[in-house]
Amino acid sequence: MTAGPGQAGGISRLDPGGAWAALSFAIMSGKAKGTGSGNGPMALALALARKAARLGEVPVGAVVVEAATGRVLAAAHNRTETDCDPCAHAEILAIRSAAAVRGAPRLPDCDLYVTLEPCAMCAAAIAFARIRRLVFGAFDPKGGAVDHGPRLFAQPTVHHRPEVVGGVAEGECAAILRDFFAKCRKDDPQSGASAGS
(Lines give C-alpha, C1' and ligand atoms only; values in the text may rest on other atoms or scores of the structure.)
Protein backbone atom coordinates (compact mmCIF):
# COMPACT_ATOMS: atom_id res chain seq x y z
CA MET A 1 0.00 0.00 0.00
CA THR A 2 1.32 3.44 -0.80
CA ALA A 3 1.55 5.97 1.99
CA GLY A 4 -0.95 8.80 2.08
CA PRO A 5 -1.14 12.04 4.04
CA GLY A 6 -1.62 11.39 7.73
CA GLN A 7 -1.03 7.67 7.33
CA ALA A 8 -0.40 5.94 10.63
CA GLY A 9 0.03 2.27 11.39
CA GLY A 10 -0.77 1.25 7.80
CA ILE A 11 -4.07 3.14 7.80
CA SER A 12 -4.60 5.80 5.17
CA ARG A 13 -6.31 8.69 6.92
CA LEU A 14 -8.18 11.06 4.71
CA ASP A 15 -6.69 14.53 4.42
CA PRO A 16 -9.42 17.17 3.91
CA GLY A 17 -8.78 18.91 0.61
CA GLY A 18 -6.05 16.47 -0.43
CA ALA A 19 -5.78 13.39 -2.60
CA TRP A 20 -7.36 11.21 0.06
CA ALA A 21 -10.36 13.56 0.22
CA ALA A 22 -10.72 13.11 -3.54
CA LEU A 23 -10.66 9.33 -3.04
CA SER A 24 -13.32 9.66 -0.34
CA PHE A 25 -15.54 11.67 -2.70
CA ALA A 26 -14.98 9.13 -5.48
CA ILE A 27 -15.89 6.26 -3.16
CA MET A 28 -19.01 8.00 -1.86
CA SER A 29 -20.17 8.97 -5.35
CA GLY A 30 -19.38 5.60 -6.89
CA LYS A 31 -16.83 7.12 -9.27
CA ALA A 32 -13.80 5.27 -7.94
CA LYS A 33 -12.83 2.06 -9.73
CA GLY A 34 -14.43 -0.89 -8.02
CA THR A 35 -17.00 1.12 -6.08
CA GLY A 36 -19.98 0.65 -8.37
CA SER A 37 -22.27 3.36 -9.68
CA GLY A 38 -24.86 5.69 -8.25
CA ASN A 39 -24.33 6.47 -4.60
CA GLY A 40 -21.59 3.91 -4.13
CA PRO A 41 -21.07 1.15 -1.58
CA MET A 42 -20.41 3.45 1.39
CA ALA A 43 -23.77 5.14 0.81
CA LEU A 44 -25.39 1.70 0.85
CA ALA A 45 -23.52 0.83 4.06
CA LEU A 46 -24.80 4.07 5.61
CA ALA A 47 -28.38 3.24 4.60
CA LEU A 48 -27.99 -0.19 6.22
CA ALA A 49 -26.59 1.42 9.38
CA ARG A 50 -29.67 3.66 9.57
CA LYS A 51 -31.89 0.60 9.13
CA ALA A 52 -30.04 -1.17 11.95
CA ALA A 53 -30.63 1.83 14.23
CA ARG A 54 -34.38 1.74 13.50
CA LEU A 55 -34.35 -1.95 14.51
CA GLY A 56 -32.55 -1.19 17.79
CA GLU A 57 -29.22 -2.62 16.58
CA VAL A 58 -25.89 -0.82 16.89
CA PRO A 59 -25.93 1.08 13.58
CA VAL A 60 -23.21 -0.49 11.47
CA GLY A 61 -23.59 -1.39 7.80
CA ALA A 62 -21.23 -3.34 5.55
CA VAL A 63 -21.04 -4.01 1.81
CA VAL A 64 -18.81 -6.42 -0.14
CA VAL A 65 -18.13 -5.54 -3.77
CA GLU A 66 -16.13 -7.11 -6.58
CA ALA A 67 -13.18 -4.75 -6.99
CA ALA A 68 -12.96 -5.01 -10.78
CA THR A 69 -16.65 -4.51 -11.57
CA GLY A 70 -18.07 -2.77 -8.51
CA ARG A 71 -20.86 -5.36 -8.38
CA VAL A 72 -22.33 -5.67 -4.90
CA LEU A 73 -22.03 -9.29 -3.76
CA ALA A 74 -23.48 -8.85 -0.28
CA ALA A 75 -24.69 -6.21 2.14
CA ALA A 76 -25.67 -6.46 5.79
CA HIS A 77 -26.21 -4.55 9.01
CA ASN A 78 -25.64 -5.61 12.60
CA ARG A 79 -28.11 -8.25 13.79
CA THR A 80 -26.72 -9.20 17.21
CA GLU A 81 -29.94 -8.33 19.07
CA THR A 82 -32.30 -9.61 16.38
CA ASP A 83 -30.51 -12.95 16.01
CA CYS A 84 -29.39 -13.26 19.67
CA ASP A 85 -25.93 -13.81 18.22
CA PRO A 86 -22.90 -11.91 19.53
CA CYS A 87 -21.08 -12.70 16.26
CA ALA A 88 -23.77 -11.20 13.97
CA HIS A 89 -21.75 -8.09 13.16
CA ALA A 90 -22.36 -6.44 9.78
CA GLU A 91 -18.89 -7.36 8.47
CA ILE A 92 -19.22 -11.04 9.39
CA LEU A 93 -22.69 -11.30 7.85
CA ALA A 94 -21.62 -9.56 4.63
CA ILE A 95 -18.47 -11.69 4.28
CA ARG A 96 -20.46 -14.90 4.88
CA SER A 97 -23.03 -13.92 2.27
CA ALA A 98 -20.40 -12.90 -0.30
CA ALA A 99 -18.51 -16.16 0.25
CA ALA A 100 -21.75 -18.10 -0.26
CA VAL A 101 -22.47 -16.19 -3.49
CA ARG A 102 -18.96 -16.96 -4.71
CA GLY A 103 -18.96 -20.52 -3.42
CA ALA A 104 -15.51 -19.91 -1.93
CA PRO A 105 -14.23 -19.04 1.56
CA ARG A 106 -11.77 -16.42 0.30
CA LEU A 107 -12.54 -13.15 -1.49
CA PRO A 108 -9.15 -11.83 -2.68
CA ASP A 109 -10.63 -9.68 -5.44
CA CYS A 110 -13.28 -8.05 -3.23
CA ASP A 111 -13.47 -4.86 -1.20
CA LEU A 112 -15.37 -4.39 2.06
CA TYR A 113 -17.00 -1.07 2.95
CA VAL A 114 -18.12 -0.64 6.55
CA THR A 115 -19.34 2.36 8.52
CA LEU A 116 -17.25 1.67 11.65
CA GLU A 117 -13.67 0.55 12.19
CA PRO A 118 -13.88 -3.25 12.57
CA CYS A 119 -13.47 -4.94 15.96
CA ALA A 120 -10.92 -7.72 16.53
CA MET A 121 -13.37 -10.47 15.53
CA CYS A 122 -14.30 -8.74 12.28
CA ALA A 123 -10.71 -7.76 11.45
CA ALA A 124 -9.70 -11.42 11.83
CA ALA A 125 -12.55 -12.47 9.53
CA ILE A 126 -11.40 -9.88 6.98
CA ALA A 127 -7.89 -11.36 7.10
CA PHE A 128 -9.15 -14.94 6.81
CA ALA A 129 -11.40 -13.99 3.88
CA ARG A 130 -8.41 -12.34 2.19
CA ILE A 131 -10.40 -9.16 1.47
CA ARG A 132 -8.40 -6.98 -0.97
CA ARG A 133 -9.32 -3.57 0.48
CA LEU A 134 -11.08 -2.46 3.66
CA VAL A 135 -12.74 0.95 3.54
CA PHE A 136 -14.27 2.14 6.81
CA GLY A 137 -15.98 5.31 8.00
CA ALA A 138 -15.79 6.19 11.69
CA PHE A 139 -12.74 5.37 13.77
CA ASP A 140 -13.49 3.41 16.97
CA PRO A 141 -10.97 4.19 19.75
CA LYS A 142 -12.76 1.90 22.25
CA GLY A 143 -13.56 -1.20 20.20
CA GLY A 144 -11.68 -0.89 16.93
CA ALA A 145 -8.88 -3.30 16.09
CA VAL A 146 -7.49 -1.84 12.87
CA ASP A 147 -6.21 1.62 13.85
CA HIS A 148 -6.82 1.12 17.58
CA GLY A 149 -6.45 -1.64 20.18
CA PRO A 150 -4.58 -4.67 18.83
CA ARG A 151 -4.05 -3.16 15.35
CA LEU A 152 -4.52 -6.62 13.96
CA PHE A 153 -3.20 -5.99 10.45
CA ALA A 154 0.10 -4.71 11.88
CA GLN A 155 0.74 -7.96 13.79
CA PRO A 156 3.46 -10.24 12.38
CA THR A 157 1.23 -13.30 12.77
CA VAL A 158 -1.71 -11.99 10.73
CA HIS A 159 -2.48 -14.16 7.69
CA HIS A 160 -3.35 -11.31 5.32
CA ARG A 161 -3.10 -7.52 5.33
CA PRO A 162 -5.70 -5.79 3.19
CA GLU A 163 -5.20 -2.30 1.89
CA VAL A 164 -6.97 -0.09 4.43
CA VAL A 165 -8.59 3.32 3.98
CA GLY A 166 -10.17 4.82 7.08
CA GLY A 167 -12.24 7.95 7.57
CA VAL A 168 -14.44 7.72 4.46
CA ALA A 169 -17.66 9.64 5.24
CA GLU A 170 -16.37 9.67 8.81
CA GLY A 171 -18.60 12.52 9.99
CA GLU A 172 -21.80 10.93 8.72
CA CYS A 173 -20.87 7.48 10.02
CA ALA A 174 -19.95 8.87 13.45
CA ALA A 175 -23.14 10.96 13.62
CA ILE A 176 -25.34 7.89 13.13
CA LEU A 177 -23.58 6.13 16.02
CA ARG A 178 -23.59 9.23 18.24
CA ASP A 179 -27.32 9.80 17.67
CA PHE A 180 -28.11 6.13 18.34
CA PHE A 181 -26.24 6.02 21.65
CA ALA A 182 -27.63 9.40 22.74
CA LYS A 183 -31.12 7.99 22.19
CA CYS A 184 -30.20 4.82 24.12
CA ARG A 185 -28.97 6.89 27.07
CA LYS A 186 -32.07 9.09 26.97
CA ASP A 187 -34.42 6.09 26.81
CA ASP A 188 -32.56 4.19 29.54
CA PRO A 189 -30.08 6.29 31.54
CA GLN A 190 -28.96 3.15 33.42
CA SER A 191 -28.12 1.20 30.24
CA GLY A 192 -24.46 2.19 30.02
CA ALA A 193 -24.64 1.67 26.25
CA SER A 194 -21.26 1.66 24.52
CA ALA A 195 -20.11 1.61 20.90
CA GLY A 196 -19.09 -1.51 19.05
CA SER A 197 -19.78 -3.14 15.77
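Which side chains meet in a salt bridge at 2.4 Å, N to O? Read on for that pair and a few other close-ups. This is a predicted model, where local features need pLDDT of at least 70, side-chain atom pairs count only at pLDDT 80 or more, and totals for chains, interfaces and linings use all residues. Residues are numbered from 1 along each chain as its sequence is written, and side-chain values use heavy atoms, with hydrogens and water left out.

**View 1. R50 and E172 meet in a salt bridge.** The answer to the opening question is R50 with E172, at 2.4 Å from N to O. A salt bridge here is a side-chain nitrogen of Lys or Arg within 4 Å of a carboxyl oxygen of Asp or Glu; a search of the whole structure turns up nine. The R50–E172 pair links distant parts of the chain, with R50 in helix α2 (residues 40-54) and E172 in helix α6 (residues 170-187), 122 residues apart. Helices (H or I, at least four residues) and strands (E, at least two) are DSSP runs, numbered from the N terminus. R50 counts as partly exposed at 32% relative accessibility, and E172 is partly exposed too, at 36%. For the burial words, buried is under 20% relative accessible area, exposed is over 50%, and partly exposed is in between (1.4 Å probe, protein chains only).

**View 2. E66 and R71 belong to a salt-bridge network.** The side chains of E66 and R71 meet at 3.1 Å, N to O. E66 counts as buried, with 14% relative accessibility, whereas R71 is partly exposed at 44%. R102 and D109 are linked with these two in the network.

**View 3. R132 and D111 form a salt bridge.** Here the N to O distance is 2.8 Å. R132 lies in the loop between α5 (120-129) and β5 (133-138) and D111 in strand β4 (residues 110-116), so this pair ties together parts that are 21 residues apart in sequence. R132 is partly exposed, with a relative accessible area of 30%, while D111 counts as buried at 0%.

**View 4. α4 and α5 pack side by side in a roughly parallel arrangement.** Their axes come within 9 Å and cross at roughly 20°. Axes are lines fitted to C-alpha atoms, for helices over the stretch in contact, and angles run from 0 to 180 degrees between N-to-C directions. Angles under 35 degrees count as roughly parallel, over 145 as roughly antiparallel, 65 to 115 as roughly perpendicular and the rest as oblique. The contact (heavy atoms within 4.5 Å) is made by E91, I92 and I95 of α4 and M121, C122, A125, I126 and A129 of α5.

**View 5. The buried residues of α5 pack against α4 (90-102), β4 and β5.** These buried residues are C122, A123, A125, I126, A127 and A129. After α5 comes R130, whose phi is positive, near 60°.

**View 6. Two aromatic pairs are found in the structure.** The rings of F136 and F139 have their centres 5.0 Å apart and their planes at 80°, so the pair is edge-to-face. In the other close-up, F180 and F181 have ring centres 5.1 Å apart and planes at 80°, so that pair is edge-to-face as well. Rings of Phe, Tyr and Trp (its six-membered ring) pair if their centres lie within 6.5 Å; planes under 30 degrees apart count as stacked, over 60 as edge-to-face and the rest as tilted. F136 and F139 are both buried, and so are F180 and F181.
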